[in-house]
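Subject: Structure handover

Hello,

Here is the structure I said I would pass on. My notes on what was found in it follow below.

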Amino acid sequence: MTAPPSTPKLTPQFCFTTVALRDFLRISRGAVDDSITQNLNALVTPAKSGFDPNSTSVRTPRGLAKQIDPNSCQAFKDKVLFPSWQARSDVLTYCAYVATSPDPDDPEIALRAAETERNRERVVDERLDPYSGRYFPREPRTEKLALLLRQERGVEKIVRSRTWGLVQERCENSSFQDAEEALDQWRKGREHSKS
């Protein structure tokens, strides 16, 4: 089984370093979600009853994958899948908080103020150049981060939906219909066991 990558130290700098943020999400998704078929195949116990020579005489359609032992499947979900999803959720939630908070350390704040002041002082004759009246101020890094997080939350929703569909297909007794419901149920179980 693949071990999920550890959660990075959450700081505003980590969130604003979008390369590091995207790398963490990419590596985490690659370790668990992108390789979900291989991870689930690794849970199948081969030849519990020994080799049966008659099994080679019947061709099995490729689409029919073997069901996984419910205990192995539950252990995979509890120890690998849900902790990985939770780590990514924690990072996205923290960075969303950073994106909605004031940013006194923004290195471009003085530059944006100067550009805005210059734009106010400009004399515009739109008859000569109809596009000269346009002014596009630089986005603060909090807005850039918020946009990135919206995109990554959309990707996360799609990835979880795909992964959960494969888990439900291969594991018996997957009673939850939605990936988020299953994750919430796991969170509640984890909180209940802590208290």
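A disulfide here is a pair of cysteine sulfur atoms within 2.5 Å. In general, a disulfide is a covalent bond between the sulfur atoms of two cysteines. Searching the whole structure turns up two disulfides.

Before the details, some conventions. This is a predicted model, in which local features need pLDDT of at least 70 and side-chain atom pairs count only at pLDDT 80 or more, while totals for chains, interfaces and linings use all residues. Residues are numbered from 1 along each chain as its sequence is written, and side-chain values use heavy atoms, with hydrogens and water left out. Helices (H or I, at least four residues) and strands (E, at least two) are DSSP runs, numbered from the N terminus.

Cys15 is in helix α1 (residues 12–16) and Cys95 is in helix α4, so the pair ties together parts that are 80 residues apart in sequence. The angle about the S-S bond is -80°, and the link of Cys15 and Cys95 is left-handed. Cys15 counts as buried at 0% relative accessibility; buried means under 20% relative accessible area, exposed over 50%, and partly exposed in between (1.4 Å probe, protein chains only). Cys95 is buried too, its relative accessible area being 0%.

Another disulfide joins Cys73 to Cys171, with S to S at 1.5 Å. This pair links distant parts of the chain, 98 residues apart: Cys73 is in helix α4, and Cys171 is in the loop between α6 (141–170) and α7 (179–194). The link of Cys73 and Cys171 is right-handed, with 70° about the S-S bond. Both Cys73 and Cys171 are buried.

With bonded cysteines counted along the chain, the disulfides follow the pattern 1-3, 2-4.

Helix α4

The 31 residues of α4 (residues 70–100) should span 45 Å at 1.5 Å a residue, and the end C-alpha atoms are 42 Å apart, which agrees. The expected span is 1.5 Å times one less than the number of residues in the helix. At Lys77, α4 bends by about 40°, the bend being the angle between axes fitted to the seven residues ending there and the seven starting there.

Helices α2 and α6

Helix α2 (residues 18–33) packs with α6 at an angle of about 0°, the axes being 12 Å apart. Axes are lines fitted to C-alpha atoms, for helices over the stretch in contact, and angles run from 0 to 180 degrees between N-to-C directions. The helices α2 and α6 are therefore roughly parallel (under 35 degrees; over 145 is roughly antiparallel, 65 to 115 roughly perpendicular, the rest oblique). Residues in contact (heavy atoms within 4.5 Å) include Leu21 and Leu25 in α2, and Leu145 and Val155 in α6.

Regards
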